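Have the sequence and the coordinates open side by side, and let us walk through the fold together.

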Amino acid sequence: MIIRLEDEGDYVEVEELVRNSFWNVYRPGAYEHFIVHNLRYDESFIAKLAYVIEDGGKIVGQINYSIGKIKYENEIVPAAILGPVAVDKKYQNQGLGSKLITYTLSIAQKDGIPFVLVVGDENYYSRFGFESASKYNLYLDGTDLNEENSFFMIRVFDESELKDELGIFLIPDVFDVDEAEVDEFDKQFEYKEKLIKEGQLGV
């Protein structure tokens, strides 16, 4: 298997991979592939961390990073956030996601990115050195400041770049999608039925 930077010729294949990987997982249908599509043309996109993993010429995994903002009392600071990351369902549970995350975090550190944020499963991301962002007084916008928010995590490379004050992280606007726009975008892909399943957000 090969890990390499995504190029323009991969776009459609990557979007199909992401769509299939997330379909009916967190909600009926999916919108992560629409985010990936839009992210490439957004100023928040970190192109040098957009990697894919391929097996025999077929893309079976992908990862993206973007730049959000930490709002402090008197300053707004840029901050990298990981995601989406997706692996072909036929290749899941083989460590490919872990390889992509480990590989790209190493590049981020070498490139001088002081820390990376992520929203996800703390049990999964803790294996890559992520810890609760609330430890550093950082909270995801819209969440309760009196709770730990263990799903909002940080991987710190340079602690000196973190401020000793309350910071609120604002996810890039590109992640805020309109369902009608997603449905229109989906028309270019093979039809898949949207299903309500146990374990989805709010179900």
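The paragraphs below go from a helix to the cores, then to a helix pair and some backbone details.

This is a predicted model, in which local features need pLDDT of at least 70 and side-chain atom pairs count only at pLDDT 80 or more, while totals for chains, interfaces and linings use all residues. Residues are numbered from 1 along each chain as its sequence is written, and side-chain values use heavy atoms, leaving out hydrogens and water.

Let us start with helix H3, residues 96-110. Helices here are DSSP runs of H or I with at least four residues, strands are runs of E with at least two, and both are numbered from the N terminus. Among the buried residues of H3 are Leu96, Leu100, Ile101, Thr104, Leu105 and Ala108, where buried means under 20% relative accessible area, exposed over 50%, and partly exposed in between, with a 1.4 Å probe and protein chains only. An α-helix has 3.6 residues a turn, so residues three or four places apart point the same way. The cover over the buried residues of H3 includes strands S1 (2-5), S2 (51-55), S3 (58-71), S4 (76-87) and S5 (115-119), together with helix H4 (122-125). After H3 comes Gly112, with a positive phi near 85°.

The largest one has 25 residues, and Ile63, Tyr65, Leu82, Val116, Tyr125 and Phe130 have the most contacts inside it. S2, S3, S4, H3 and S5 each supply at least two of its residues, and H3 gives the largest share, six residues. Contact means heavy atoms within 4.5 Å. Leaving out residues up to four places away in sequence, Val116 touches residues including Tyr65, Leu82, Leu105, Ala108 and Phe130. Apart from this core lies another, of 16 residues, among them Tyr72, Val77, Phe115 and Ile154.

Next, look at Ser66 in strand S3. Ser66 counts as buried because its relative accessibility is 0%. Beyond neighbours within four places in sequence, its contacts include Leu39, Phe45, Ala80, Pro172 and Phe175.

Now turn to helices H2 (residues 32-39) and H5 (residues 179-186), which pack at about 85° with their axes 10 Å apart. Axes are lines fitted to C-alpha atoms, for helices over the stretch in contact, and angles run from 0 to 180 degrees between N-to-C directions. Angles from 65 to 115 degrees count as roughly perpendicular, so H2 and H5 are roughly perpendicular to each other. His33, Phe34 and His37 in H2 meet Glu181, Val182, Phe185 and Asp186 in H5.

Finally, some backbone details. Most residues other than glycine have a negative phi, and most peptide bonds are trans. The bond from Gly83 to Pro84 is cis, with omega near 0°, and Pro84 lies in strand S4. Asn137, not a glycine, has a positive phi of about 65°; Asn137 is partly exposed, at 31% relative accessibility. Asn149 also has a positive phi, about 55°, but Asn149 is buried, at 8%.

Note on methods. Expected span 1.5 Å × (residues − 1). Parallel < 35°, antiparallel > 145°, perpendicular 65-115°, else oblique. Core = buried A, V, L, I, M, F, W, Y, C linked by side-chain atoms within 4.5 Å.
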